[in-house]
Amino acid sequence: MTGNSGGELERNIGFLEAMTLGGGTMIGAGIFILPGIAAEGAGPASAISFLIAGGVAFLAALSLSELATGMPIAGGSYHYVNRALGGLFGSIVGWGMWTGLMFASAFYMIGFGQYLVAPIPFLDGRVFVVLLGLVGLALIVGINYYGTEESSQLQNLMIGAEALVVLIYVAVGLFFIDPANLEPFAPFGSAGIIATTGVVFVSFLGFEIIATVAGEVKDPGRNIPLTMLLSVALVTVLYALVMLVTTGVIPFTELRDSLVPVSDVAVVFMGSLGVVTIVAAAAIAAISSSNSSILAAARVNFAMGRDALMSDRLNVTHERFGTPHRAIVATGVVTALLIGAGLQIQAIVALLAEVASFSFLVSYSLVHVSLVVFRRADPDEYDPSFRIPDRLYPAVPVLGILLTALVISQMAPIIILLGLGLVTLGAGWYVVYARDHAIDTGLFDEAFPRPLFGGSTPDPSNVYRVVVPVANPDTQGDLIRLAAASAHAHVDEGTPELVAVNVLQVAGDSSRQNVAAERLEHQYDLLEATREIAAEMDVSLRTRAVTGERVDETIVDVLSEERPDQVLVGWRGVPPEDGSLFSPHLDAVVTEAPCELSVVTFHDDVIGTPVALAGPGPHSAVAARRAADFATVDGETPTLLNVQRPGDDESEAVARGEATVADVADRAGLDPSAYDVEVVVDEDVEAAILDVVTHYETICVGLSEQSETSRLMFGTIAERISQEATSNVGIVRRSYDEPTDSGRSVRRPVVSETS
């Protein structure tokens, strides 16, 4: 997709903006609202709950850093799970992340209302809390609708202000801690500490937001892991200190019922001015946290629309602002409904926080699994600039999975039930809607071959592979169909497989380009264009979207990796004026492809009955075989054509022609019943060929390797056919015995085949 109204987001988030998006969500509303809830569950030991939550988050941040730098595009954990484990798990995580972020945002905005209402008597009541929350949400949705960069700039200002207030709160509050208030330190034991970890984990969603907007981060290889890991580490320490101050100044038993715990503590050592400052900081924190959550939730929704797990109407960016405006509005509407629930449910704050935590703990456990899958499958598009050190792998994902499972197991039954409800929603959505639309099937089978589970290993040598480079999937359906037909026609030589390749041409340093997003869009376009044809032709399909400075050289690199049996490429059929053989994008492919090659020009929508020129040239047998392959598209029988000059006896000329055709067919491995023979006797061989082939819809002719001088002096029949024929033309060559070595001179093929 191209243009501002397509599905591509601009890279305009730098290190500072990413740091404040991540850290700002964590040094946000949670730090002002959760201390009371945490103290109720674990007492002063809630500081340890935050340290454990930070440790779980840090492990997830390590895995996400590698995945995000390997595929820096919008969607975060959702995209990585969807790509690694397939649409079912992608739907579960996508719905879990989207709803979790909206629950978190609603939690922040209700906290925003609480802090504003608490010090003003005439505003007391849940109605005012909810109304203020809705007003704040409307402001955030408007900012995100207008632009990511503007949202990030506002975030910088808000985070700077609230971080300063929190640091002052900690620095001053440390001197007012009463050690007696910290005894007993863990009144509810280790179970209380672990259970509280699940409650407060919502405070550590900020690093996920960095991954979710990875498609908009500048220099992602550096900024994504740096901001993720740094923000988690700093915020973990800060939260532990905040809890020590909060429970050390006021006994935790007095905090458990407070909706504004930090404000209640601040009044003890900062006075009324301190309370006003805390209220202002809490309001700013709630806005910044909700802003980050809405920003990330909309990107998850946007990515699900891109992957066809939701309506693709969500995968649209605003023509003027370049934002995923529809996804933002949809997210804002649902979040508003959750805030409205605060009118009826007094405990909505804790409930929203815990459900959000559950959703992300499930997501992160699947992220760790996805990292292992990507490491083992090693797909083409996965090229992370940050990798977990070998000495820490697979310890990081394994430990991360175990810790997330431990925390979930200690959450309240009602939270587990609601969380499983979201999991069921995601799975049900996949079964009812997304299964028929989903694109990704996952990499699990590639990462863990069937022998691990009692099956047999597929034999890669027993595959007949055809590679087809595609520049425009919408207009090259015929080329894809021919490639699929060729692969299927060789089923006796191996399991047919079609590999559709798209090359995204990049110039020089691509670090400022959203190449990963463009490559993904190209790959999805490829898959959409080929999946129906592959299913119809009963051919296994893979797609590759790669980048390179030169299209032809990049395709040759792909061929050297894939080691196909043949490659089909499209050509407009007109020799270029720049001196190149076919075109600058084809020449290296034609001369260096280490397999059979067909250069196809389409003049007709119908493949029909193909004809192959059956002459003595080195490539005529392959041209005959290719005609037989192409004939299967419309269920026709190919014709092998030979033209002879008349001699003393015309019957002898016909016999020579039939013998030549039989020899070519034998070398092509064609049964006599699999083709028709046509022999023409004429003094002007070239004119006769041009006259006869016009009666066929598709023509196959071998590539000549005669000298360049001969070509310039006499021209070639293939060139004349490609330029003058109204039929489809395929110029075919055999496989070279070995790949062309760039270190030795190569005889340059010339398009000609004599008959």
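Helices, of at least four residues, and strands, of at least two, are DSSP runs numbered from the N terminus. The views below show details of a predicted model.

View 1. Pro394 is placed in the loop between helix α14, residues 348-377, and helix α15, residues 395-409. The peptide bond that leads from Tyr393 into Pro394 is cis, and its omega angle is near 10 degrees.

View 2. Pro184 belongs to the loop between α7 and α8, the latter covering residues 189-200.

**View 3. The backbone at Arg563.** Arg563 is not a glycine, yet its phi angle is positive, at about 50 degrees. The residue is found in the loop that lies between helix α20 (551-562) and strand β4 (566-570).

**View 4. The contact of helices α22 and α23.** Helix α22 comprises residues 620-631 and helix α23 residues 650-668; their axes come within 8 Å and cross at roughly 75 degrees. Angles of 65 to 115 degrees count as roughly perpendicular, and therefore α22 is roughly perpendicular to α23. On the α22 side the contact is made by Ser620, Ala621, Ala624 and Arg625, and on the α23 side by Val664, Arg667 and Ala668.

View 5. Leu164, Ile168, Val172, Leu174, Phe175, Phe176, Val237 and Leu241 together make a nonpolar surface patch of about 730 Å². Two helices, α7 (148-173) and α10 (220-249), each supply at least two of the patch residues. Which helix provides the largest share of the patch? That helix is α7, with 3 residues. Leu164 is one of the patch residues, and it lies in helix α7.

**View 6. The salt bridge between Glu66 and Arg375.** Side chains of opposite charge can pair when their charged atoms come close. In this model the count of salt bridges is 11, and one of them is shown here. Glu66 pairs with Arg375, and the closest N and O atoms of the two are 2.7 Å apart.

Notes: Residues are numbered from 1 along each chain as its sequence is written. This is a predicted model: local features need pLDDT of at least 70, side-chain atom pairs count only at pLDDT 80 or more; totals for chains, interfaces and linings use all residues. Side-chain values use heavy atoms; hydrogens and water are left out. Axes are lines fitted to C-alpha atoms, for helices over the stretch in contact, and angles run from 0 to 180 degrees between N-to-C directions. Angles under 35 degrees count as roughly parallel, over 145 as roughly antiparallel, 65 to 115 as roughly perpendicular and the rest as oblique. Contact means heavy atoms within 4.5 Å. Patches are made of residues with over 30% relative accessible area and no salt bridge: like charges are joined within 9 Å, nonpolar side chains (Val, Leu, Ile, Met, Phe, Trp, Tyr) within 5 Å. Accessible areas come from the Shrake-Rupley method with a 1.4 Å probe; for residues, only the protein chains shown count as cover. A salt bridge is a side-chain nitrogen of Lys or Arg within 4 Å of a carboxyl oxygen of Asp or Glu.
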